[in-house]
Amino acid sequence: NQGREMMIVTSGAVAFGKQRLRHEILLSQSVRQALHSGQNQLKDMTVPVLEARACAAAGQSGLMALYEAMFTQYSICAAQILVTNLDFHDEQKRRNLSSTLHELLRMNIVPIINTNDAVVPPPEPNSDLQGVISVKDNDSLAARLAVEMRADMLIVLSDVEGLYDSPPGLDDAKLIDTFYPGDQQSITFGTMSRVGLGGMEAKVKAALWALQGGTSVVIASGTHPKVTGHVITDIVEGKKIGTFFSERADIIHRLADLLTDNRDEILKSNKRDMEKAVALGQLSQPLLKRLSLTTAKLNSLAIGLRQIAASAQDSVGRLIRRTRVAKGLDLEQITVPIGVLLVIFESRPDCLPQVSALAIASGNGLLLKGGKEAAHSNQILHHLTQEALSLHGVKDTIHLV
């Protein structure tokens with residue numbers, strides 16, 4: 001209703017069908033037993049083990065009927081699409097799927113997408129091929145569709161508030177607000193989901209895959225009492241909910257692009273600083289040279305930033321050394337962010353994007369204190385830095401004092 005295009009990837013067909021089939025079997029057994037014995041005695045009745053594919057076939061129509069009923073309350077039409085992993089490996093089927101989804105979205109119809117568990121083969125372990133994530137649960141399906149449809153954001157709903165550094169049931173478990181791909185070494189996952197195929201580890205894997213494909217990702221609770229009914233709209237509006245997945249290299253590449261795209265505006269601001277410095281006559285010639293920005297300097301700066309971006313992936317979470325202290329006890333040295341950096345610099349405005357890129361690459365917050373002689377240059381460069389950080393909604397991590 002806000003004018004946004006959205007798709008829903010759902011689970012629940014197997015569980016829905018299992019409940020339905022158990023009811024049908026119990027009802028059928030009670031009738032047969034009543035006819036056989038002349039009285040309705042239900043003792044010693046057993047329900048056979050139900051096959052998942054049969055449950056899915058029985059549950060898909062019921063699950064869709066539930067969505068239809070809910071969306072009808074908002075005068076919104078919904079449509080069902082069932083897919084399997086093989087559909088993503090066939091180019092023609094992928095084009096058909098994309099075309100169908102775009103057409104439904106164009107007509108303001110919400111696509112409800114699920115794996116066709118009635119026919120899908122069992123998932124093969126480690127079956128990701130050539131960067132194509134294997135669709136073996138609804139998390140990986142959502143990630144695959146998000147990248148396929150070039151979605152701006154993937155929201156993965158769970159029964160916990162987000163990603164924790166250890167199983168959320170532990171007393172010392174801490175919620176992670178922002179998660180970077182290099183931080184995986186610091187996470188301890190719990191057991192698999194009791195009702196699903198993967199649990200949080202599968203969600204993180206799907207989130208990282210979608211992030212690599214250019215889609216922002218948030219993992220949040222769909223059942224938390226503080227946000228029930230508002231979680232999706234709150235996330236879209238930028239509120240701090242759940243765990244946000246961010247790619248540091250993307251931000252640095254974006255900053256490098258902004259330096260090139262806004263060259264004229266940067267040089268214009270720098271010219272104001274240079275004219276004021278010359279008029280006051282307080283800076284020596286070497287300091288004036290440092291203060292000056294040129295097209296060549298900005299081009300060189302952009303190249304340097306892209307080199308930093310190339311190494312950003314390994315800046316945090318990198319294992320430097322491991323020592324076996326005793327059997328079952330290893331001591332590891334791993335790179336981690338410091339926290340918040342304060343960097344003071346004088347008449348060299350090109351320091352601002354350089355230090356900013358290093359802080360982003362290492363996952364640190366940054367306070368910058370530049371000299372007043374470069375005030376206009378620093379202001380425009382800081383503005384561009386925050387614009388790059390806005391790519392993943394974290395512009396407040398770097399401030400100019």
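Glu 148 is buried, with a relative accessible area of 17%; buried means under 20% relative accessible area, exposed over 50%, and partly exposed in between (1.4 Å probe, protein chains only). The model is predicted, so local features need pLDDT of at least 70 and side-chain atom pairs count only at pLDDT 80 or more, while totals for chains, interfaces and linings use all residues. Residues are numbered from 1 along each chain as its sequence is written, and side-chain values use heavy atoms, with hydrogens and water left out.

**Salt bridges**

- The structure holds 12 salt bridges, a salt bridge being a side-chain nitrogen of Lys or Arg within 4 Å of a carboxyl oxygen of Asp or Glu.
- Side chains of opposite charge can pair when their charged atoms come close.
- Glu 148 forms one of these bridges with Arg 94, and the closest N and O atoms of the pair are 3.1 Å apart.
- This pair links distant parts of the chain, 54 residues apart: Arg 94 belongs to helix α3 (residues 91-106) and Glu 148 to helix α4 (residues 138-148).
- Helices (H or I, at least four residues) and strands (E, at least two) are DSSP runs, numbered from the N terminus.
- Arg 94 is partly exposed, at a relative accessible area of 24%.
- Within helix α3, Arg 106 and Glu 103 lie three residues apart, about one turn of the helix.
- The closest N and O atoms in the salt bridge between Arg 106 and Glu 103 are 2.7 Å apart.
- Arg 106 is exposed, with a relative accessible area of 55%, whereas Glu 103 is partly exposed, with 34%.
- Asp 257 and Arg 306 also meet through their side chains in a salt bridge (2.5 Å, N to O).
- Because Asp 257 lies in helix α7 (residues 248-261) and Arg 306 in helix α10 (residues 295-312), the pair ties together parts that are 49 residues apart in sequence.
- Asp 257 counts as partly exposed at 31% relative accessibility, and Arg 306 is partly exposed with a relative accessible area of 31%.
- Through shared partners, salt bridges join Glu 91, Arg 94, Arg 95, Arg 144 and Glu 148 into one network.

**Nonpolar surface patch**

- Val 340, Leu 342, Ile 344, Leu 367 and Val 401 make a nonpolar surface patch of about 510 Å².
- Patches are made of residues with over 30% relative accessible area and no salt bridge, with like charges joined within 9 Å and nonpolar side chains (Val, Leu, Ile, Met, Phe, Trp, Tyr) within 5 Å.
- Accessible areas come from the Shrake-Rupley method with a 1.4 Å probe, and for residues only the protein chains shown count as cover.
- Strand β10 (residues 340-344) supplies the largest share of the nonpolar patch, three residues.
- Leu 342 is found in strand β10, and Leu 342 is exposed, with a relative accessible area of 55%.

**Leu 50 and its surroundings**

- Leu 50 sits in the loop between α1 (13-37) and α2 (52-72) and is partly exposed, with a relative accessible area of 22%.
- Not counting residues up to four places away in sequence, Leu 50 touches Lys 18, Leu 21, Arg 22, Ile 25 and Cys 55, where contact means heavy atoms within 4.5 Å.
- Leu 50 and Arg 22 are 28 residues apart in sequence, and their C-alpha atoms are 8.2 Å apart in space.

**Cysteines**

- A disulfide is a covalent bond between the sulfur atoms of two cysteines.
- The count comes to zero disulfides when a disulfide is taken as a pair of cysteine sulfur atoms within 2.5 Å.
- Cys 55 is buried, with a relative accessible area of 1%, whereas Cys 77 is partly exposed, with 43%.
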